[in-house]
Amino acid sequence: MNDEHILTIEGLTVAYGKNMVLENVSLHVPRAKITAVVGPNGAGKSTLLHALAGTASVESGRVLHRGQDIATLAPYQRSRRGIMRTFQMPADFGRLTVLENLLLADRKIGGSGFVQVFTRPRRSWLPGQRAAIERARTLLAEFGLDAKENDYAGDLSGGQRRILELLRAVTTEPELLLLDEPFAGVHASIIERISDFLVALRERGISILMVAHELDAVERLTDAVVVMARGQVLFEGSMAAARRQQEVVDAYVAG
Amino acid sequence: MNLIVSATVFGVVIAAVLALAAVGFTLQYSVSNVFNLAFSETMVVGGFAALGAGQAGLPLVVAALIGVAAGAVVSLLLNHFVYQPFARRGVSVFQMLVISLAVSLVLANTLLAVVGPLSFRYDVTPTVVFTIASAAVTNLQLIVIALAVAAMLGMHLLLKQSKLGLAMRAAAVDGGLAQSCGIATTKVVAIAWLISGALCGLAGVALFLISSSFSATSGRTFIVLVIAAAVLGGIGDAYGAMLGALVLGLTTELTAVWLDPSFKIAVALIVLIGVLMARPQGIRAEFSAGRALQA
Amino acid sequence: MSADLSFYLVTLLVYATVAVIGCWGLDVQYSDTGLLNLSYIVSVAVGGYVVALLSLGPPEDETGTVVQEYFWGAELPFPLPFVGAVLAGMLISLPIGLVALRRLRSDYQAVAMLSVALIASALVVAVPGLLGGGHGLYLIPAPLKEELGLKSAEYSWFYAGFAILLTVLAAWVVVRISRSPLWRVLRAVRENPEAADAIGVNVTAVRLAAFAVGNGLGALSGAVLASFIGTYAPADWSYQETLILMGAVIVGGAGNRFGVMMGALLLPVGLAEATRYLPQFGAPGTVDALQFVVVGLVIIGFLWLRPQGVFPERKRTFDVDGRPVPFWGKQGATP
């Protein structure tokens, strides 16, 4: 078990029918770093993320997290291990308020199970909830969403919903964030804020793996990059090294 | 042996009725993406309209046509005044289901209030045309089978060969795109409901033709048989619906040979649940993915 | 108070409690967790039958002659039959849930549930030896009637009080859920099961649990009804009844416990009472049939004009100190 890597992926293969979407993919996701997975359309980047998140079924291969193969775990089980993913299209709970969206993710409130709800008095979860509300409000204020805490999440703008989803993932205090195209269709100013936020998260020791389409957009952000094309890993290493490799440039020209 | 033969005969007959119903039901689902749970009640309305016409002295064929027309009109009105407005509003799948259930409730009970709880029968007496291994086959049964076959052929020609059919298939697959291609989607959808409504009315008349008696509540459980046939065949696939109807008709009738006949509906439902669990795309697996009006 | 009036009021009260408890169970399933349970009435039926089976005793009497036809019975002391009824209601959630709550599309799910309701009805009628067939069970003993030694009129008020007590208990259950963090989890499962999965919620387990709690409440309402009337037969639980309860939830206000209670008082109870005073016209059963027509039209009307119901669900907000704002407090106040 290598402490440098939060995830070790070995020989991952995902197929849709006869279509090999991921072919024998092996790579390491470094701990406390921001790693970008880039490549042309159809490279299998999103599929890789889905496989890591648990929403794509894996033909063969292993995904090692803390020494255990999680390739067959359901998404909620991976989430409980500290692996959180965001979706390409904003996925929020439309008829819950912004504040409730965050509270939902907070693991430190009690009273979330049927047995607990009926056997413990209300005072057992009220203090935990109050503290969670504090934390959530602080987080929302950082992004200027505090005024919207009582709005239904479904009523927010696209960019705001994206931020909310990210904040929600962060509220679970994850070890690893899997971000699916976090900047797609997002306004430039918001990209700036999200980037800063991701850097801050990295400083706190959270590992980040994000699927992104353009190298340029993520360049200043990433420590490591994985280049994919046609379901295979072409290159794994630092950003600078990626730029030097001819293969990589070719993949982008051809793909 | 006799029982099996006569069960098979009746299985084919009931499959004919189911085929008419299932194809109509599938058509409605394909163009409007709604499970019209009021379908079997509409069948009953059609059947009763024919009864009324017959009692008013009109000849059998005219009465039957009136039944078909009633089914068509009710279905058209239903789509125009209920399903389409709500769909345009944008309601959830569940709300749509609740709406169609409410409609079935209204239809069923209005009919019940009007005709009362008595049993009726058409004023025709079946005559035995021939027998297979001492299982009698009546003229009415043959008529129903012939009607079903004719209707299926008509549907096939419509879907495959005519411009209207092409338009319907296009609208079913992607209404917006069809519209931008110049296809008057609303008109096409209305025609689809008219045709499926006619099939519905015809199915109702056919069902009552082969039943020894019927009442206003006859349609209550029939809807699940229709859905079972449609789902079995792969919802959205008209040919699958026909196949599903045949399988279901035979299965229910044959099991009635060994089990108590009152289990028939239970058998059909268990088949439905089984298919939903094991193979929701139906037995014609290549044509899965709900909406397309495959032909 | 005259005996007739007294009996009428008691009947009204008991029917009201049955409707309210039943609608609350459906509310937990439908509004909280997003489960359209078209087989809800089966859980009510289970409650009614089980409470009967657990109070009637064995089907044969001492001499061995079969008094009524059912497959098994026990004579348990109060309140065990009721406890058993609720447990049975929760238990049937397992097979039904396994069939219908897997990852089926919503419309298939609903059809599967509807089929379950119809199968149950068909089976019970087709196999008289199971639960009395079409005739159902009768002579269901009234709980504690012998022990208390009350006269009929007094006993009926006792029973009404008992039914109200159970309603209070049911209220505690559903309001607890409504005011707890669990409610957010249920709502998340309804809104976006995929995202809920990604956040660590075991969606299937949550659905099954909510399903079971709702069915438990349904069974309780069935038990209260069956023990009161003393008979229980398939005519009391047709699948149309689920739609009446559904209508009450929609009209009253899905997701609002108070609203659902009002809806339950208005629709199942109010309608039945209102039509009681209409002269019976037409063939027998016409007035009953028209009741259903009214219910159907009301449902469609409300879904068109006011889908949130008379008492819409309230938004949950928190004050400056992070305390939940109670339902009488000012909503949406920015801290």
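How many bridges join β4(A) to strand β5 (residues 68-69) of chain A? In this predicted model, the two strands are joined by two bridges and run antiparallel. Within this pairing, A:L64 has A:D69 of β5(A) as its bridge partner. The two strands form a hairpin, with two residues between them. One residue of the turn, A:R66, has a positive phi of about 50°. Strand β4 (residues 60-65) of chain A also pairs with strand β1 (residues 5-16) of chain A. That pairing is antiparallel too and extends over four bridges. Here A:E10 stands opposite A:R62 of β4(A).

Chain A also contains an open sheet of six strands. Its strand order is β6-β7-β8-β3-β9-β10, and the pairing is mixed. The edges are taken by β6 (83-85) and β10 (232-238) of chain A. Each has a single partner strand, so one side of each is left without a neighbour in the sheet. From one strand to the next, the twist averages 15°. Inside the sheet, strand β7 (residues 176-180) of chain A pairs with strand β8 (residues 207-211) of chain A. These two strands are parallel and share five bridges. A:L178 stands opposite A:L209 of β8(A). Helix α1 (residues 45-53) of chain A lies across β3 (34-38), β6, β7, β8 and β9 (224-229) of chain A. The helix runs at about 145° to β7(A).

The domain assignment divides chain A into domain 1 (5-92 + 172-254) and domain 2 (95-155). Their C-alpha centres lie 29 Å apart. Contact between the domains involves four residues of domain 1 of chain A and five residues of domain 2 of chain A.

Chain B has eleven helices and two strands. Along the sequence the pattern is α-α-α-α-β-β-α-α-α-α-α-α-α. Of its 295 residues, 54% count as buried. Among contacts in chain B with a separation of 6 or more, 77% join residues 24 or more positions apart.

The largest nonpolar core has 301 residues. In soluble globular proteins, nonpolar side chains tend to be buried together. The residues with the most contacts inside this core are B:L18, B:A19, B:L20, B:A206 and B:V226. Helix α1 (residues 2-32) of chain B gives the most to the core, with 17 residues. Domain 1 and domain 2 of chain A both give residues as well, so the core lies between them. Leaving aside residues up to four places away in sequence, B:L18 touches B:L225, B:V226, B:A229, B:A245, B:L248 and B:G249.

Notes:
Residues are numbered from 1 along each chain as its sequence is written. Chains are lettered from A and ligands numbered from 1 in the order in which they are written. This is a predicted model: local features need pLDDT of at least 70, side-chain atom pairs count only at pLDDT 80 or more; totals for chains, interfaces and linings use all residues. A nonpolar core is a set of buried Ala, Val, Leu, Ile, Met, Phe, Trp, Tyr and Cys residues joined through C-beta atoms within 7 Å. A residue is buried if 20 or more other C-beta atoms lie within 10 Å of its own, exposed if 12 or fewer, and partly exposed in between; C-beta atoms are placed from the backbone. Domain bounds come from an automatic or database domain assignment. Two residues are in contact if their C-beta atoms, placed from the backbone, lie within 7 Å. Two strands pair if DSSP finds at least two bridges between them. Axes are lines fitted to C-alpha atoms, for helices over the stretch in contact, and angles run from 0 to 180 degrees between N-to-C directions.
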